[in-house]
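Please keep the sequence and the structure in view while going through the points.

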Amino acid sequence: VLQAGVDHSLLAATQAGKVIYVSRDQIEIASSYKLKGRPLFSAKRREMGVRMVGAGAVREGDWCVSLQQNGRLALHTARDLIGAGIIQVKSDLVAFATFSEVSWR
């Protein structure tokens with residue numbers, strides 16, 4: 001959840017482990033639920049079968065968890081994923097979630 005006065009960005013992951021980062025200044029708040037927004041990746045990539053497995057609001061100090069199809073569960077810092085742009089995977093990602101350190105204490 002994006003909160004007023006808190007500098008969150010969007011972090012998302014595809015099934016191949018590609019991490020997509022959208023900074024707070026690139027996020028537009030919709031004025032209506034009827035607006036479609038903009039895609040995070042091109043129509044060509046979507047036609048090739050790229051699929052999003054998860055996304056969340058993050059700050060650099062937050063955490064992310066990924067689950068691969070082979071059962072491998074991994075914990076990542078948002079900072080590391082923003083810098084790397086990819087999650088090293090041996091099989092497709094099936095889930096990706098973000099959370100704040102405060103939310104699990």
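1. In this predicted model, D62 and R59 form a salt bridge through their side chains, with an N to O distance of 3.7 Å. D62 counts as buried because its relative accessibility is 5%, and buried means under 20%. R59, at 35%, counts as partly exposed.

2. A salt bridge also joins E60 and R79, whose closest N and O atoms are 3.4 Å apart. E60 belongs to the loop between β3 (52-58) and β4 (63-68), whereas R79 belongs to helix α2 (residues 78-84), so this pair ties together parts that are 19 residues apart in sequence. E60 has 45% relative accessibility and therefore counts as partly exposed; R79, at 47%, is also partly exposed.

3. The count of salt bridges comes to two. Side chains of opposite charge can pair when their charged atoms come close. The protein chain has 14 positive and 9 negative charges, and the mean positions of these two groups lie 7 Å apart.

4. The protein chain contains two helices and six strands. Read from the N terminus, the order of the elements is β-β-α-β-β-β-α-β.

5. The C-alpha trace spans about 40 × 40 × 20 Å along its principal axes.

6. Of the 105 residues in the protein chain, 30% are buried. The accessible surface is about 7300 Å², and carbon and sulfur atoms contribute 53% of that surface. Among contacts with a separation of 6 or more, 58% involve residues 24 or more positions apart.

How values were computed:
Residues numbered from 1 in each chain as written. Predicted model: local features only at pLDDT ≥ 70, side-chain atom pairs only at ≥ 80, totals over all residues. Heavy atoms only, no water. Helix = DSSP H or I, 4+ residues; strand = E, 2+ residues; numbered from the N terminus. Buried < 20%, exposed > 50% of the residue type's maximum accessible area, 1.4 Å probe, protein only. Contact = heavy atoms within 4.5 Å. Areas by Shrake-Rupley, 256 points an atom, 1.4 Å probe, with all protein chains shown as cover. Lys, Arg positive; Asp, Glu negative; His and termini not counted. Charge placed at Lys NZ, Arg CZ, Asp CG, Glu CD. Salt bridge = Lys/Arg side-chain N within 4 Å of Asp/Glu carboxyl O.
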